[in-house]
Amino acid sequence: MKATTHPAPADPAAAGPVAAPDPAAVVAGLRAAFASGRTRPPAWRREQLAGLRTLLTERSEELLAALRADLGKGPAEAHRTEIAFTVNELDHTVRNLDEWLRPKPAAVPDAFRPATARVVREPLGVVLVIAPWNYPLQLALAPVVGALAAGNAVLVKPSELAPATSAAIARLLPQYLDPEAVAVVEGAVPETTALLEQRFDHIFYTGNGAVGRIVMAAAARHLTPVTLELGGKSPVVVDPGADLKVTAQRLAAGKFLNAGQTCVAPDYVLAVGGTGPELAAELAEAVRGLYGEDPAAHPEYGRIVNDRHFDRLAALLGDGRVVTGGTHDRAARYIAPTVLADVRPDAPVMREEIFGPVLPVLEVPDLDAAISFITDREKPLALYAFTASEATKERLAAETSSGALVFGLSVSHLAVPELPFGGVGESGMGNYHGEYSMTTFSHTKAVLDKPLG
């Protein structure tokens, strides 16, 4: 079958300004709903989770069309990473909700007996979820799953840089969820700034560190707790003795997903002990295996979100020797999956998170040098390693710090619902997914009960 060619995704600037409701009034309405007690019963929580699941399944075609318009996402990738991912999070939460809500007994010291103690989870109140543009559906709704399961009222702020998806979320959520307890506010910087002036009981932000600092400063005025899901340059260590063909295939699959616009995408590779040339060649072959000779014509290869990010990424293509890729088309916002060799550690491509389909390969002499390279920089959201050595695994676990440490795969740890997802240091604070979302969006309250008689 002949591959189809993607059109350029819709230009967010063409969407025009979106009139936003008064933030203070929206938050006041949500706070009144929470104060009424309507969000606390487990039955209400289950109804909302069921409604969200129905939305994702019944309206999937509309959502896939929006994702194609915003990011040129192919239907298979978009369904897997945005819709199915969120449905899996929902199903895992529903299966375990009763257990997570059950009070946990605690031992009481002899001096206080007779008495009982327990730990209970109670909802925080009104939660603000600020979503990014790269996975504009999943990263808006997966946190909402946890917030609703914990019994909160929720305000969702979708990304204005994914305008079709933002509009779909704003249109559909009120049809499937309780509109008195779940609200959507669209808009750009002015609307987000106005929202941050309000008092929330938790703010959940996914995005970059610069805006994360703004969110945290605004939250501090009200002593509001925050979860910051940020990013950074997630490194890959490839050890001698690793199967380089398998390594390249798994690296390429994670790196070039969503045209590299993934917060946990492998950002650069440290090829240890002379593995660089063969690995680079295998990466070129892996790209061909994924997307054929012309990725621009492949129906599952996405596009860069806007012209600003395209220009930023295109400027990085000369920061080394192109092993594969390097071609680009500004009109279509297309950048081919690109692997760079002979990259200097101080090259522009190594200074900030790439967040696009460009993968630099740097050579280091040994594991000591690789660990030093990683620990001399900010703590990443993920560290990936491909090695057959248990000693290497032990050293990386003991001597490095990252949001996650993954051996033999890239990106896939997000799909394990019993693992926490979150960063450390510059890559973020707090975590979520599964029961960790319940903890994030709940207050864990101690209850001690001693009889008066």
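## Where two helices meet

Let's start with a contact between helices: Leu-367, Asp-368, Ile-371 and Thr-375 of helix 12 meet Thr-392, Arg-395, Leu-396 and Glu-399 of helix 13. Contact here means heavy atoms within 4.5 Å. Sorted by type, the residues of this contact are three nonpolar, two polar and three charged. For that sorting, Ala, Val, Leu, Ile, Met, Phe, Trp, Tyr, Cys and Pro count as nonpolar, Asp, Glu, Lys and Arg as charged, and the others, Gly among them, as polar.

The axes are lines fitted to C-alpha atoms, for helices over the stretch in contact, with angles from 0 to 180 degrees between N-to-C directions.

## About the model

This is a predicted model, where local features need pLDDT of at least 70 and side-chain atom pairs count only at pLDDT 80 or more, while totals for chains, interfaces and linings use all residues. Residues are numbered from 1 along each chain as its sequence is written, and side-chain values use heavy atoms, with hydrogens and water left out. Helices (H or I, at least four residues) and strands (E, at least two) are DSSP runs, numbered from the N terminus.

## Strands side by side

Strand 6 (residues 202–206) pairs with strand 7 in the parallel sense, over four bridges. Two strands pair if DSSP finds at least two bridges between them. Ile-203 sits opposite Val-226 in strand 7. In strand 7 (residues 226–229), Val-226 and Leu-228 point one way, Thr-227 and Glu-229 point the other way, and all are buried (under 20% relative accessible area, with a 1.4 Å probe and protein chains only).

Then there's an open sheet of three strands, in the order 1-2-20 with antiparallel pairing. Strand 1 (104–106) and strand 20 (442–449) are at the edges with a single partner strand each, so one side of each has no neighbour in the sheet. On average, neighbouring strands of this sheet are turned by 30° against each other, direction ignored. Strand 1 is joined to strand 2 (residues 116–123) by three bridges, and Lys-104 stands opposite Val-119 in strand 2.

## A look at Leu-244

Leu-244 belongs to helix 9 (residues 244–255) and is buried, with a relative accessible area of 8%. Leaving out residues up to four places away in sequence, Leu-244 touches Val-238, Thr-275, Glu-278, Leu-279 and Glu-282.

Methods: Buried means under 20% relative accessible area, exposed over 50%, partly exposed in between (1.4 Å probe, protein chains only).
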